[in-house]
Amino acid sequence: MATVEYGSAEPGGSGTRRYRSPLRRMQAAQTRAVVLEAATRLFAEHGWVGTGMRDVARAAAVSVETVYTTFGSKADLLRSALEVAIVGDDAQVPLADRPVYTAIGTGRTTGDRIEVGARMIAVINERIYRLAVAIRQGATADATLAAAAADLEGQRRRSVADVAYLIMGHDADPGQVDELWVQTGDQVYALFVDECGWSRVRYESWLIDRIEEILDRPV
């Protein structure tokens, strides 16, 4: 973030005073939001190969230099777009600290908690599944993106285990976590929605049944 310098206001003062301009911060946040919105749409529509930094800059009505300065690289831009899509905004608040996540553990019954968890997963998958395709495409050619994809998938697996804990009140069996990790993946969502023509609501209902089946099964 740029800084602005002013001379000392004190009589005889010879130093300078530095502060971060609120206007600059606001402008930077607005630029970041516009670029992320453009990148999210383009990566979702055209994938990794079909989306260039110039395309994003043109769609966001900013310079290519601004896109690079704000995000560093195409891989970093895509990862940022996916991370924002997961939580729904660019606020620096982890998913696990958000009301939509913590509400899972407040349900009165196991069924209530499963419904809240399934709804959260369905909404996230609806936002991310096309971006996730772009991530997997890019990971085959970009080592940085491959590492990011692996890291994000590891985070998702840990999140699945945490959600199971919130639902059950104790750790799930590793085999249950395996099944939940597969069933809740964006690729499964994509098959139902894009290939079978399901709505998100229908997928959510199916997911509720699958979570109940997996967690109720004796281990």
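## Polar links between the domains

A polar contact here is a pair of N or O atoms within 3.5 Å; within protein, one must be able to donate a hydrogen and the other to accept it, and residues adjacent in sequence count only if both atoms are side-chain atoms. Between domain 1 and domain 2, five residue pairs are in polar contact, both at pLDDT 80 or more.

Two salt bridges also link domain 1 and domain 2, each a side-chain nitrogen of Lys or Arg within 4 Å of a carboxyl oxygen of Asp or Glu. Asp 89 pairs up with Arg 98 in a salt bridge, with 2.8 Å between the closest N and O atoms.

## What we're looking at

This is a predicted model, where local features need pLDDT of at least 70, side-chain atom pairs count only at pLDDT 80 or more, and totals for chains, interfaces and linings use all residues. Residues are numbered from 1 along each chain as its sequence is written, and side-chain values use heavy atoms, leaving out hydrogens and water.

## Layout and buried area

The protein chain splits into domain 1 (24–89) and domain 2 (93–218), with bounds from an automatic or database domain assignment. Their centres, taken over C-alpha atoms, sit 25 Å apart.

Together the two domains bury about 1,600 Å², 71% of it on carbon and sulfur atoms; that's the accessible area (1.4 Å probe) two parts lose on being put together, summed over both. Over in domain 1, Trp 48, Arg 79 and Leu 82 lose the most area to domain 2, together 36% of what that side buries.
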